[in-house]
Amino acid sequence: MDYKLQIFGVKSHLEMQSLDDRSTHEVDDNLGRDARHSVNAVDQQESFSVSLPDGGRGRGVYKSIKTVVLSKKFNLLIPFGPLAIVVQKTTGQNGWVFIFGLLGIMPLAERLGYTTEQLAFYSGPTVGGLLNAAFGNATELIISIYALRTGKIHVVQLALRGSLLSNLLFVLECAFFFGGIVRKEQVFSKPTAVVNSGLLLMAVMDLLLPAFLHSTHKEVHLGISELALSRFSGCIMLPAYIAYIVFQLKNLNDLEESQNGDNLDDDEEAPEISKWESVIWLAFMAAAISILSEYLVDAIEEASLAWGVPVAFITVILLPIGGNTAAVTTSVMFAMKNKLDVSLGVAIGSSTQISMLWIPLLVVIGWIFERPVDLNFQLFKTATLVMTVLFVAFLMQEGTANYFKGLMLLFSYLIVSASYFVHEDPSS
């Protein structure tokens with residue numbers, strides 16, 4: 001990575017400055033040669049990056065499409081997205097529209113994560129980490145914003161809650177299980193896991209109190225106090241998440257130096273597409289997901305009636321499968337490379353972002369546009385979320401992972417899925 005080369009360059013420069021006076025001229029000559037070589041390298045790199053979009057436009061476009069779209073067999077599912085739109089326009093069978101739309105949005109979500117990672121190569125580790133965090137849950141956010149715009153507040157709550165459960169149980173299960181198959185036991189940073197667990201517990205507490213207040217029927221102002229508490233909690237959670245990001249950025253350099261000292265040979269990856277190609281593909285994937293999410297959200301309720309399946313099961317269990325495709329592939333890939341901290345950052349970090357940023361932010365956005373979005377996720381759904389966070393926090397307290405812990409998470413996810421299959425959401 002570029003920032004590692006900069007660190008080592010500074011170190012070598014300081015060592016050369018510590019030489020005695022007798023070798024001053026020799027050092028100056030070496031520095032001059034190094035500077036000329038570095039300038040030539042930079043010029044070659046810039047000419048290479050510029051030649052991609054400008055030189056040979058036809059071949060450049062084909063190469064970009066081949067790299068982003070045609071390089072993965074998983075992208076063969078992309079045509080299901082347009083097929084869902086055609087089926088909705090011609091037949092109106094929303095059960096098939098939801099199935100085709102879900103299949104079509106899965107590769108789009110995975111490619112959105114890919115283009116974000118490619119853009120992160122050109123922005124440095126700090127900005128790259130923020131980009132990955134911002135676009136990591138872009139699919140769920142796009143779906144939630146459209147549902148909020150159309151007044152389907154219960155879909156917003158169910159979709160975000162489903163993404164939380166999917167990240168904590170399914171994504172983490174895949175990382176633990178497949179990483180445990182490759183290696184008998186893996187170790188991850190226990191302090192980081194404890195901090196994330198504490199943040200999740202704090203976020204769940206903010207979701208639990210409005211549900212408890214509603215169940216007691218002892219509000220000071222009936223129907224108003226619950227919404228006011230939700231908006232106040234949302235305004236508290238947003239600066240708390242900002243403080244968490246600042247804390248992470250201040251400790252980023254120390255963590256990188258301690259972790260990269262033993263893994264210098266593993267980080268020789270290079271970007272596969274140019275910076276502007278990454279920006280264009282990122283905008284294209286986000287637009288495609290935005291269009292397809294409209295058909296998905298509109299098809300949920302009619303698909304529920306056609307299949308005889310609760311809306312909560314479709315939104316909480318089935319819908320996150322499409323949005324979390326990139327998270328699953330990324331977490332499994334890094335877990336099998338014995339980089340479980342990265343996998344935890346994908347699964348637990350995404351859950352922390354949803355619970356502390358996106359859920360409170362949507363409450364505030366609903367407040368601005370006079371939509372009564374609250375944090376009352378109903379007692380049953382809040383209880384499943386609380387038990388999930390406690391269970392995950394308990395599994396991570398040792399700082400180790402294996403395939404059996406992955407199986408425990410999988411069995412727990414199946415139990416939670418079954419509970420939503422037999423639960424009828426009163427808000428729907």
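Here are a few notes on one helix pair and one surface patch.

1. Bear in mind that this is a predicted model, with local features needing pLDDT of at least 70, side-chain atom pairs counting only at pLDDT 80 or more, and totals for chains, interfaces and linings using all residues. Residues are numbered from 1 along each chain as its sequence is written, and side-chain values use heavy atoms, leaving out hydrogens and water.

2. Take α5 (residues 94–120) and α7 (residues 138–149): their axes come within 10 Å and cross at roughly 125°. Axes here are lines fitted to C-alpha atoms over the stretch in contact, with angles from 0 to 180 degrees between N-to-C directions. Helices are DSSP runs (H or I, at least four residues).

3. On the α5 side, Ile105, Ala109 and Leu112 make the contact (heavy atoms within 4.5 Å); α7 brings Ala138, Thr139 and Ile143. By class that is five nonpolar, one polar and no charged residues.

4. Then there's a nonpolar surface patch of about 590 Å², made by Phe178, Ile181, Val182, Met336, Tyr403 and Phe404. Helix α8 (153–182) and α17 (403–421) each give two or more residues, and α8 gives the most, with three. Ile181 sits in α8.

Key. Nonpolar A, V, L, I, M, F, W, Y, C, P; charged D, E, K, R; others polar. Patch = residues over 30% accessible without salt bridge, like charges linked within 9 Å, V, L, I, M, F, W, Y side chains within 5 Å. Areas by Shrake-Rupley, 256 points an atom, 1.4 Å probe, with all protein chains shown as cover. Salt bridge = Lys/Arg side-chain N within 4 Å of Asp/Glu carboxyl O.
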